[in-house]
Each structure stands twice: as structure tokens, then as C-alpha cells.
Amino acid sequence: MLLRCFTCDRLCGGCTAPAPPARQGIVLQPVMPSCDPGPAPACLPTKTFRSYLPRCHRTYSCVHCRAHLAKHDELISKSFQGSHGRAYLFNSVVNVGCGPAEQRLLLTGLHSVADIFCESCKTTLGWKYEQAFETSQKYKEGKYIIEMSHMVKDNGWD
């Protein structure tokens, strides 16, 4: 049985972290495990992502580890070209890290971009547009490119 640990706020079978000051009315509540995690370090669930997108929304996930990446509602365009094939432009994403910005000459001109990677499996997914130097490309600033080869569709794509 897994318990919610109020010391480290994670699901675990027991915690070795020091106990917090006593809080009145707080008890550990049992939760049902989704699968048998096998032996794991104390207080570490088998899969943890920083953000989980609601199941009622169509989402895109990392093809390698299934971490949620973006809601379909955040999709701006499907007509982009990544380094290795087709890519989608998103307004916002979750569970991604960002590398250092660098200037690259892309198909649409010079841009300052930073590679983005999956926080869970560390796979490079695409890039974030930090700055566009041409006026017609300014709409891309702060937006994200994820290559199709690195994502799958989840939840409600019938």
C-alpha cells in the first residue's frame, strides 16, 4: 500500500525524511497504486512529471516517456519544419526544460532560439523562439516548436 507522505508530499511506502512539526488533524491517507512499482528509493514514485494535463483534454505527450507536453488548445500551427521533419508550433508547453539561447539561421530568417528537452527523459524535442529579428516573425517570440517525431496524441483523439 502506498501512503501520501506529508513530510515530502509524495507517494511512498515509508519515509526516511525527518518528521515535520506536528499538525493537528493531519493523518496519512492510503491511496491505490496504479501499478506495482517494485523496489524504489524511499519517497520516490515510479513516474513523476512536473505537470499533468487534465484527462478531459486532447493532449500531446513525449513519445519516449509519455510525459505530457501540451494541450491541443495551445496548438498554433501544424505547418512548421523542425530539424528532422514536420513540427508543430505551440503557445505553451509543460514538462520541458530549456537550454541556452543561440542565434540560428532558420528557413524564415535569423532567430534567437533555445533547444527544449523533455524534463523526464531528457530527449531534445525542438526549440523555443526567444527573439525574432524580422518584424514579420515577431509573433513566434516565446512560442515553442516540437517535432512530430517526438510526440504522440493522447486522450480523446477518436
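Trainee: How much space lies in the second largest pocket?
Mentor: About 190 Å³. This is a predicted model: local features need pLDDT of at least 70, side-chain atom pairs count only at pLDDT 80 or more, and totals for chains, interfaces and linings use all residues. Residues are numbered from 1 along each chain as its sequence is written, and side-chain values use heavy atoms, with hydrogens and water left out.

Trainee: What counts as a pocket?
Mentor: On a 1 Å grid over the protein atoms alone, a pocket is an open set of points where a 1.4 Å probe fits, with protein on both sides within 12 Å along at least five of seven lines. Lining residues have an atom within 4 Å of a point. Points join across faces, edges and corners, and the volume is the space filled by probe spheres set on them.

Trainee: Which strand gives the most to that lining?
Mentor: β6, with four residues. β6 (75–82), β8 and β10 (124–132) each supply at least two. Strands are DSSP runs (E, at least two residues), numbered from the N terminus. The lining includes Phe80, Leu105, Trp127, Tyr129 and Lys140.

Trainee: Leu105, is that one buried or exposed?
Mentor: Leu105 counts as exposed, at 71% relative accessibility. Buried means under 20% relative accessible area, exposed over 50%, partly exposed in between (1.4 Å probe, protein chains only). Leu105 is in strand β8 (residues 96–106). With Leu110 and Phe133, Leu105 makes a nonpolar surface patch of about 300 Å². Patch residues have over 30% relative accessible area and no salt bridge, and nonpolar side chains (Val, Leu, Ile, Met, Phe, Trp, Tyr) are joined within 5 Å. Areas come from the Shrake-Rupley method with a 1.4 Å probe.

Trainee: New topic. How many salt bridges are there?
Mentor: Four. The rule is a side-chain nitrogen of Lys or Arg within 4 Å of a carboxyl oxygen of Asp or Glu. Arg104 pairs with Glu102 at 2.7 Å, N to O. Arg104 also meets Asp115, again at 2.7 Å.

Trainee: What about aromatic pairs, how many?
Mentor: Four. Rings of Phe, Tyr and Trp (its six-membered ring) pair if their centres lie within 6.5 Å; planes under 30 degrees apart are stacked, over 60 edge-to-face, the rest tilted. Tyr60 and Tyr88 are edge-to-face, 5.8 Å centre to centre, with 90 degrees between the planes. Tyr60 sits in β4 (residues 59–62) and Tyr88 in β7 (residues 85–90), 28 residues apart.

Trainee: Why is Tyr60 with Phe90 called edge-to-face?
Mentor: The planes are at 70 degrees, with centres 5.3 Å apart, so the pair is edge-to-face. Ring pairs link Tyr60, Tyr88 and Phe90 into a cluster. Tyr60 and Tyr88 are buried, and Phe90 is buried too.

Trainee: Last one. Where is Asn95?
Mentor: In the loop between β7 and β8. Most residues other than glycine have a negative phi. Asn95 is buried, at 6%.

Note on methods. Patch = residues over 30% accessible without salt bridge, like charges linked within 9 Å, V, L, I, M, F, W, Y side chains within 5 Å.
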